[in-house]
Amino acid sequence: MGRITLDKVTKQFGDVQVIPPLDLTINDGEFVVFVGPSGCGKSTLLRLIAGLEDVTAGEIRIDGKPATDLPPAKRGLAMVFQSYALYPHMSVRKNIAFPMKMAGMPEDEQKRRIDNAARALNLTDYLDRRPGQLSGGQRQRVAIGRAIVREPAAFLFDEPLSNLDAALRVGMRMEISELHKKLDTTMIYVTHDQVEAMTMADKIVVLRAGNIEQVGSPLELYKAPRNTFVAGFIGSPKMNLIEGAEAGKHDATTIGIRPEHIDVSPTDGAWKGRIGVAEHLGSDTFFHVHDTGLGETLTIRAGGEVGLHHGDTVYLTPQADKIHRFDAQGLRIA
Amino acid sequence: MATQHSRSAARIMISPAVGLLLIWMIVPLVLTVYFSLLRYNLLMPGTERFVGFLNYKLFFNNPAFFTALINTLLLVGGVLIVTVVGGILLAILLDQPIWGQGIVRILVIAPFFVMPTVSALVWKNMFMNPVSGLFAEFSKAVGLQPFDFLTHAPLASIIGIVAWQWLPFATLILLTAIQSLDSEQMEAAEMDGASPLSRFWYITLPHLSRAVTVVILIQTIFLLSVFAEILVTTNGGPGVASTNLTYLVYARSLLNFDVGGGSAGGVVAIILANIVAVFLMRMIGKNLDA
Amino acid sequence: MARAVSTRRKAGYTIAAWIIGFAIFFPILWTIITSFKTEAEAISSPPSFLFFNWTTENYSTVLERSNYFRHFWNSVVISLGSTVLGLIIAIPAAWSMAFVPSKHTKNVLMWMLSTKMLPPVGVLIPIYLIFRDFGLLDSRIGLVIVLTLINLPIIVWMLYTYFKEIPGEILEASRMDGATLRDEIIYVLTPMAVPGIASTLLLNVILAWNEAFWTLNLTAAKAAPLTAFIASYSSPEGLFYAKLSAASTMAIAPILILGWFSQKQLVRGLTFGAVK
């Protein structure tokens, strides 16, 4: 129902090619996340799929049928905008009803769908309020409600959680994930937050400057990043990337080791260094270690509380099976 | 935002406005220039003749032209000085904490909304009239001879009337600009030891300079075309003492029916306005980029 | 200036502001007061300010004898007519410039504004002659056409600025929701733009009501609005200050009231964005 194919899709703004020819397949029911740094083209890509921008070249197919020249309304997709884009002069009820009104749906069917959506999203008490009278999280739900009642082939989310505060974000993240499980509809989700990507996605598409760097499940990207960019982008804190002599020892131009895969000891280990900043969170301890002779400050994450502090000497040992190797072009060596 | 569908719709939707304004611009302008090259008098229809730049020569050689030009510049300059200086002072005053600020604003803004013919007649008859005007009453009360403003100082009187009408505009614009001044900047200056006068000179005034420029440019465009006030008070007289370029062209065209000569004057007025417009457009353009 | 200021200072400013405000407003006040005097009282020496016999005879005289209502009605028709016509032409234009901007949009907008800077006297003759030949002289239609054209740039400009303040995402959302262009304009854009359209309408009615060049030169007895009608009082026929004041008060009262509501619009509409 919601299978979307992008075939050599290209986008140019004037002389600038924002998205070079791109191929991607999204399967029905998948939760796909487009993630990448600012300006990588993820929002543009979403808007091309939505039909809010025209492709410069290439084809978009929805369920096998060509959709490249279809206006947004005819593609059967629903979008949740970053700013929610609710109609300020309409009540919540009318906001949610709007797409159905545009489609000419009979009123009792509209009412049925509105009531269902309101129940699913906890909006029943707010149906007659205006968006201006709602909190951020409530507005977010109205935007989702407006998308749900269309029963679209796929949902498109454009950084929907960026405008919410941290606590609310975590809660809404779970709600969206649960919604996906319940509706079993394709969802394409754009974010710059790799934590959202890792926790919500079936499939992650990492983008940089319009190019797809890697497509895979969260664990695939975590365990086997295809290049140094993906390696450094996925995972927080960032993977430590080390060049030079130490990398040479492993037959690579660059090696990477995640902060959580380095063992810490005050007495002995492979590398010796001095602790700069130490962050004690109780649940974890983060160390930033200098003067290791490896050319970089290393970030280490240890579980629980480790009683080492600023200025202490520390010994670090990377776990051998977790070392990633990259060649001179930054590509992964198997 | 823009797709093929919306772009073609956009073009259709903008065409009536663009088309109408194009016609409005081009047709009359072309005709004015054309007429200015003819000898054409409405009292003698059918005798139109191409005379090249003769009308312009006659126009520039007419002593009335230079007087009108000077009067135009004096009128614009005089009103600008009064409204800008007065506007700045009033804006500063209105920015202070005062009781009943809303009402004072209404009082100060009101003259701008009075139609020019009414304000001119009110000033002419009820204030400046040497027999029964209020100024005359006041002079008599202090033992002075009443002054016949419109006969002995026609241009200055008209400057006064027009300045009264435009002072609210300048005040409103400058007040808006002052209120957009970041109060933290002022507080920082105060912490740095600046006196109120220094704060005005080094912070308020530079901030206002942009708004003042806008006021000057926009008012100039409109002041070049002052007409109703002259028509209703002095008819440009005595002689041409209070005639500006606009009135001169009007008198030539619709009173003397000299279409050729009037059109030449009209072209001159357009060129004059264009000079100011160039500067104003540059400011607007910079703003639209922002 | 949000700091607490000494009450004495505040009182000082207040007195200064009220005196100046009163002085500026005085001519209008004097006109209103004079309109309630008899003609003899109006030129009495010394002039009376509050304590005289107030009468409304001037108002009845002006309304009965002259064709005041006709000219008042002309003003109404011309102001509203040119404003509504202007809005009909301008709303689509401003829509396209605000929501589907192209690389020409800025230049088109600036060009439109530049047409407002044309001195009317530069096109007086051709317009006069064209109107004469088409029978448009001394007609309300003729004036509506001219006033629409001279104010169109301002209407377009103001609507453009208001439309730009509408978040584009809301219109995109309506498109995703299946709205055609027509639906988008009717159900989403217009309701959100109503305050902006109302403000533009207000300012433009004021500008058209007070317009005193074309209304003076293109009309005679039939279609003359109040600007021209009042101008005909400029050659005095004997004592008439009180009647002039009554006619003037009636002519300016509507706009004074509307003007009070339109201060912000004035700044927006007539400074072309150069002052925020």
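How many nonpolar, polar and charged residues are in the lining of the second largest cavity? By class, that lining has seven nonpolar, two polar and one charged residues. Here Ala, Val, Leu, Ile, Met, Phe, Trp, Tyr, Cys and Pro count as nonpolar, Asp, Glu, Lys and Arg as charged, and the others, Gly among them, as polar.

This is a predicted model, with local features needing pLDDT of at least 70 and side-chain atom pairs pLDDT 80 or more, while totals for chains, interfaces and linings use all residues. Residues are numbered from 1 along each chain as its sequence is written, chains are lettered from A and ligands numbered from 1 in the order written, and side-chain values use heavy atoms, without hydrogens and water.

**Cavities**

- The whole structure holds five cavities of 30 Å³ or more. A cavity is a set of points on a 1 Å grid over the protein atoms alone where a 1.4 Å probe fits but cannot get out; lining residues have an atom within 4 Å of a point. Points are joined across faces, edges and corners, and volume is the space filled by probe spheres set on them.
- The largest cavity has a volume of about 830 Å³. Its lining numbers 37 residues, with W166(B), F222(B), K116(C), E211(C) and A212(C) nearest the centre.
- Elements giving two or more residues to this lining include α8 (154-179) of chain B and α9 (181-209) of chain C. The largest share, five residues, is from α7(C).
- The lining of the largest cavity splits into 29 nonpolar, five polar and three charged residues.
- The second largest cavity has about 70 Å³ of space. Among its lining residues are M126(B), E137(B), W30(C) and Y241(C).

**Sheet and helix in chain A**

- Four strands form an open, antiparallel sheet in the order β2-β1-β4-β5 (chain A). Strands (E, at least two residues) and helices (H or I, at least four) are DSSP runs, numbered from the N terminus. Pairing needs at least two DSSP bridges.
- Strands β1 (residues 4-13) and β4 (residues 57-62) of chain A are joined by five bridges. D7(A) has E59(A) as its bridge partner in β4(A).
- Helix α1 (residues 42-50) of chain A lies across β1, β2 and β4, at about 115° to β1(A). Angles run from 0 to 180 degrees between N-to-C directions of axes fitted to C-alpha atoms, for helices over the stretch in contact.

**Chain C against chain A**

- Contact (heavy atoms within 4.5 Å) takes 15 residues from chain C and 23 from chain A.
- About 1600 Å² is buried between the two chains, 65% of it from carbon and sulfur atoms. Buried area is the accessible area (1.4 Å probe) lost on putting two parts together, summed over both.
- E169(C), M176(C) and D177(C) lose the most area on the chain C side, together 44% of what that side buries.

How values were computed
1 Å grid on protein atoms, 1.4 Å probe; cavity = no way out; pocket = protein on both sides within 12 Å on 5 of 7 lines; lining within 4 Å.
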